[in-house]
Every structure is written in structure tokens, then in C-alpha cells.
Amino acid sequence: FKLLDAPDLRKEHKIPTPTMGGISFTIIFLVLSLFWKDSMPISQFLTIVFCVLVLFPIGMIDDTKGISAIKKLLIELVLGFLLVSSGLGIHALHGIFGIHDLSIWQQYAFNMILMAGLINAFNLIDGINGLAGGLGLINSLVFAFIFYMQGNVGFTLLAISFAGALFGFLRYNFNKAKIFMGDTGSLHLGLMMTVMGTAAINGSRVLNFHHTDMILLVSAIWLIPVFDTLRVFAVRMIKGKRPFAPDKSHVHHLLVKSGLNHVKASVSLYAANVLLIISVIYSPYVNPTFNFLLIFAEGILLIEILTFNRLLSFYLKSKSAFIKTTQIIYGQLYLNK
């Protein structure tokens, strides 16, 4: 059917590559849902499956014909509304920025924006081979462990089944990719990261982790795609561009520009993701707001360290250009003299 992702100026691949690989792990995930449907409230099960079934054709349309960012955003907001209605939403911030319990309208507004933001963040991080799928696999396994420790059988099986589906896909997506997940897969990935994150926050305590600690841990799991999206949007708006205007300014693009291939760039961001998660587990607790800002600062620092080669290269080029300009000016002055 010629379902190929054609190369262009903003893409990393050089030859047309099969896309819509998300079909594979979406179908597998839906089949495996039969094993965990009886281990969670029926309203939550039906809502999750319904959201997957809605995003599935949206992703396929976006991969083939394209769909406007506004239309996708509106659909994501509606799905966020449904998730909150089924109980899959964050109901309190437990002291972060001085906010504790959220009112009903605040819960709906906050979670609808959160879901739309996370789906788009994981959608946009899917820019090089193996990156989005690898981050999704690592995070799904972390969530599976959290759910297991919470005694949440249904979400443990959900997280493991999604991790297994991603692992099968990654075999053909890592290194020299034979297929891309496309929006068909990345929208599903963003949805699952949102659902699992909110379920972990609402779950019972794990060892000495109370609800505030769980919010911080889930924030670390989400942080790299979220920070990258916020950074790119801010840079685009400063330059007078639309936030969703495509370009090659994402962190994975910067890593490739600095000399890393797709494998090294993806593995570097895997490592940053794991380090952020570990830092939350072992960081000293001061207060919710301080620790939340500390995690965000750590994410910024890790990204800047990873792209240090780019910054160094930019400095050396600027220095070289300055020297050449100076030589030309002084040379012209000497000739005039």
C-alpha cells in the first residue's frame, strides 16, 4: 500500500521507510488486554481500550494524509475528560507549589491539559531510531515494578504487556530501522505513559514512598519528553514561529548534529532517563516544591551535558569566524594604509 515515510529536510532518514509500525504493538496490546481486563475496574478498562481505539485511526490518518494539530489537541482533551471521569486522573498535588487537593473542575482542567501535553510530548520525541520506543519500554518496566509493589495486578499486567509489545517492535526499529512507529504508535505510547503515571500516583504507598514521592518519581519518568517539548516550543515562539512548526531543534536532533549516530543518541537519552529516576529514589527530601524544581533542574543539566559537544562546536565555529573577520578587517586596513 506504499505506506512509507518519505525523507525530507526535517527528517533523519535518507530512504523511504515503512511507517505505521504502531499497528503491530497496538493490536498486540489489545489482544493482551484480555488477560488484565478482569483485574481492574470495568470502567477504567473500557475507558483505556476506548481511548486506544480512538487514537489508533487518528494516528493512521495523520501518518497517511496528515491531520491538523488543533484537531488532534481537541480529541486528546476529550479523551482526557473521559479518563478523569473513570477515576484515572491526578486528584491532588500533595503540597507541590503549596497545592493539595484539587476541586472537581481543577481536576478535569489539569488532567485534560496534562494528557494532551504528554501525548504530544511522546509524539514529538519520536524523531530518531529506537528513541521513543526505548524510553517507553524502560518506563513501562519501571511502572510494572511500581504496580507490583502496590499490589495492583491489573496495571502490572497492563504495563508488562505494553513493554512486551514495544520490545517486539524495537527489534525492527532500533539502529538501521526497517520500520517506524509513526503517529499510529507514538499517540498510543503517550496515552499509556499518561495512564500508567496517573495510576501509579493514585496507588498505595510503595515501601517508604508516600504520594508526594510518587508524583516526583512519575515526573522524572515523564521529564525528558516534556522538557524537550517545552524547550522547543519556547525557542520557536521566541523566533516568531508556530509552536507546532516542524524543525530539527529537538534534543535528539542536537545530539545527532553533535556527531552521535542514532544508537548512541538514543542510548544517551535512555541513560539520562534512568539517572533521573534513580536521583528521585535517592535524593534527600526537603519539601515537595523544592524537590520538584530540583528534578526539573537535573533534567535541564543532563540535557545540556549531553549536548555539550554541540555547544563546544558552536563556540569554536564562532571563535573561528571572529578570527577570520578580524583578519579580513585588519588586512583591508593594512591595504588601505
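Me: Why is Phe35 called exposed?
Reply: Phe35 has a relative accessibility of 62%. Exposed means over 50% relative accessible area, buried under 20%, and partly exposed in between, with a 1.4 Å probe and protein chains only; therefore Phe35 counts as exposed. The model is predicted: local features need pLDDT of at least 70 and side-chain atom pairs pLDDT 80 or more, while totals for chains, interfaces and linings use all residues. Residues are numbered from 1 along each chain as its sequence is written, and side-chain values use heavy atoms, without hydrogens and water.

Me: Where is Phe35 found?
Reply: Phe35 is found in helix α1. With Ile27, Val31 and Leu34, Phe35 makes a nonpolar surface patch of about 430 Å².

Me: Why is Met20 called buried?
Reply: The relative accessible area of Met20 is 4%, which is under 20%, so Met20 is buried. Met20 is found in the loop between β2 (17–18) and α1 (22–36), and its phi is near 65 degrees, a positive value in a residue other than glycine.

Me: Which residues have the most contacts inside the largest nonpolar core?
Reply: They are Phe143 and Leu191, in a core of 72 residues. Helix α8 (residues 211–238) gives the most to this core, with 11 residues.

Technical notes:
Helices (H or I, at least four residues) and strands (E, at least two) are DSSP runs, numbered from the N terminus. Patches are made of residues with over 30% relative accessible area and no salt bridge: like charges are joined within 9 Å, nonpolar side chains (Val, Leu, Ile, Met, Phe, Trp, Tyr) within 5 Å. Accessible areas come from the Shrake-Rupley method with a 1.4 Å probe; for residues, only the protein chains shown count as cover. A salt bridge is a side-chain nitrogen of Lys or Arg within 4 Å of a carboxyl oxygen of Asp or Glu. A nonpolar core is a set of buried Ala, Val, Leu, Ile, Met, Phe, Trp, Tyr and Cys residues joined through side-chain atoms within 4.5 Å.
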